[in-house]
Amino acid sequence: MGLIDYRERIPNNVGLSDDRRLQRALESWQPKFLSWWGEMGPALPTRDVYLRTAVSVQRDGWADFGHVALPEYRWGIFLSERAGDRTIGFGRHKGEPVWQQVPGEHRAELQRLIVVQGDTEPASVEQQRHLGATAPSLYDLRNLFQVNVEEGRHLWAMVYLLHAYFGRDGREEAESLLLRNSGSEDAPRILGAFNEPTPDWLAFFMFTYFTDRDGKYQLGTLKESAFDPLARTCDFMLKEEAHHMMVGTTGIDRVVARTAELMREHDTDDIAPYGGIPLGVVQRYLNFHYSVSLDLFGSETSTNVANYFTNGLKGRWQEQRRKDDHVLTEDHVAVDAVVDGHIAAVDSAALVALNHDLRGEYTADCRGGVTRWNRILADHGADAVLTLPHHGFNRSVGAFAAHHVAPDGTLLSAAAWEARRAAWLPSDEDMAFVASLMRPVYEPGRIASWVAPPRQGINGHPFAYEYVHLA
Ligand SMILES: [Fe+2]
Ligand SMILES: [Fe+2]
């Protein structure tokens with residue numbers, strides 16, 4: 001356990017060679033994955049990229065760094081180590097041993113949870129396929145590819161579970177994960193945000209901050225699962241996810257820093273002529289990515305999610321740290337809803353409001369980002385601030401989907417809302433302007449005009465390191 005076997009065709013720490021049937025099944029899926037990667041993965045031709053590859057699942061030193069040709073990246077199956085006597089932490093099976101097999105009664109639901117999670121992983125690779133053509137630096141290009149190969153590995157993680165525990169249905173679902181495509185008319189990805197384009201690097205940083213962060217919270221609930229292989233898989237995925245969060249957080253930091261720098265230098269908010277992204281554009285991108293990411297949390301109240309919890313399939317964020325009975329049958333919470341034309345708090349059983357609970361944790365985390373960016377603005381002497389829009393703004397799912405809410409939380413008529421759309425969400429003009437700044441900078445140590453260089457490079461290397469060799 002822990003060590004990963006790289007002599008195998010599929011690197012793994014699950015003893016794959018002891019299960020010939022499973023090994024053969026996954027080996028027949030592997031070439032399909034590689035042809036999907038070739039068609040839908042990074043479009044920019046490269047010779048090699050400075051990447052980390054998982055070599056163990058130990059807490060420290062689980063990754064190795066080196067220049068790797070992208071198609072030769074060693075995607076594999078890595079689960080966190082089994083805690084010998086883990087028991088179920090919540091719901092009606094609380095205190096019982098965790099499951100090593102899928103209980104028949106929960107098979108369909110568990111498979112669905114895994115498929116939905118699995119579908120997001122290749123989707124983001126597809127969404128980011130063309131970004132290599134316009135990277136602001138080699139450092140950023142490397143980070144993009146690191147995120148891409150790890151999302152590819154997350155797909156492997158889910159496909160392993162489908163093949164190993166869900167029989168023929170699972171194998172069929174694993175095939176379908178490569179057949180749906182982001183933005184496709186005929187066979188789109190399952191969740192809305194994963195069919196939105198990621199056309200430029202500001203969108204990429206916003207995506208890795210807001211949408212990957214949704215992924216972090218979803219994985220956090222699955223890591224609590226009574227189905228132990230799923231819990232251990234998600235636990236290790238969360239370690240990789242930390243880098244994706246870093247790319248988003250520091251990416252937006254660097255955009256904001258550059259914007260503030262240009263505002264001070266030229267004593268104006270209108271920094272577009274100087275090759276920077278005006279703060280208003282940053283705010284509109286933020287509004288868009290935050291609101292579509294909130295939709296990923298589903299409806300505020302859901303009996304399905306209550307059942308997932310009660311049956312032990314999916315817990316809460318940091319379940320162990322919650323100071324309640326972890327069963328919640330008696331508990332109530334206040335949930336926002338629109339009542340008689342006003343936003344009001346409505347009493348709800350805690351069990352059916354678990355999406356609302358998770359969304360609340362996520363929003364608190366996102367506020368941390370906004371605080372951080374406002375500190376950067378203040379440090380540069382700018383008066384302006386960024387804000388997180390109200391959770392009812394621009395929603396397509398849940399209690400606010402049928403309403404028109406301004407970023408400040410005011411309820412509006414459809415017409416009044418539409419009239420302000422261009423002030424709140426990226427307009428065609430905004431997108432065209434950002435696109436006009438997207439020119440590749442591929443010389444080591446150089447960077448595009450619209451973003452500040454990072455404070456640190458990767459794995460102790462300087463910013464000017466040759467992180468990528470182009471083909
Ligand atoms: Fe992922
Ligand atoms: Fe991610």
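Colleague: Leaving aside its neighbours within four places in sequence, which residues is V255 in contact with?
Modeller: This is a predicted model, where local features need pLDDT of at least 70, side-chain atom pairs count only at pLDDT 80 or more, and totals for chains, interfaces and linings use all residues. Residues are numbered from 1 along each chain as its sequence is written, while chains are lettered from A and ligands numbered from 1 in the order in which they are written. Contact means C-beta atoms, placed from the backbone, within 7 Å. With sequence neighbours up to four places away set aside, V255 meets L202, F205, I277, V282, W450 and V451.

Colleague: Which residues touch the most other members of the largest nonpolar core?
Modeller: A nonpolar core is a set of buried Ala, Val, Leu, Ile, Met, Phe, Trp, Tyr and Cys residues joined through C-beta atoms within 7 Å. Buried means 20 or more other C-beta atoms within 10 Å of a residue's own, exposed means 12 or fewer, partly exposed lies in between, and C-beta atoms are placed from the backbone. The largest such core has 111 residues, and those touching the most other members are V159, L202, M206 and V255.

Colleague: Which helix gives the most to this core?
Modeller: Helices (H or I, at least four residues) and strands (E, at least two) are DSSP runs, numbered from the N terminus. With 15 residues in the core, the top contributor is α3 (residues 138-165).

Colleague: Where is the kink in α5 centred?
Modeller: A bend is the angle between axes fitted to the seven residues ending at a position and the seven starting there. In α5, which has 20 of its 22 residues buried, the kink is about 35°.

Colleague: What is the strand order of the open three-stranded sheet?
Modeller: Two strands pair if DSSP finds at least two bridges between them. Strand β1 (residues 46-54) pairs antiparallel with β2 (residues 63-68) over six bridges, T53 standing opposite D64. Three bridges join β1 to β7 (residues 468-470), also antiparallel, with T46 opposite L470. The order is β2-β1-β7.

Colleague: Which strands are at the edges?
Modeller: An edge strand here pairs on one side only. That applies to β2 and β7.

Colleague: What angle does α3 make with β1?
Modeller: Axes are lines fitted to C-alpha atoms, for helices over the stretch in contact, and angles run from 0 to 180 degrees between N-to-C directions. Helix α3 packs on the sheet and touches β1 and β7. Its direction relative to β1 is about 55°.

Colleague: Is S35 buried or exposed?
Modeller: S35 sits in helix α1 (residues 20-40). It has 11 other C-beta atoms within 10 Å, so S35 is exposed.

Colleague: Which residues does S299 touch, not counting those up to four places away in sequence?
Modeller: S299 lies in the loop between α7 (279-295) and α8 (303-310). It is partly exposed because 17 other C-beta atoms lie within 10 Å. Its partners are N355, V397 and G398.

Colleague: What is the phi of Q318?
Modeller: Most residues other than glycine have a negative phi. Q318 is in the loop between α8 and β3 (332-339), and it is exposed because it has 12 C-beta neighbours inside 10 Å. Though not a glycine, Q318 has a positive phi of about 50°.

Conventions: Two residues are in contact if their C-beta atoms, placed from the backbone, lie within 7 Å.
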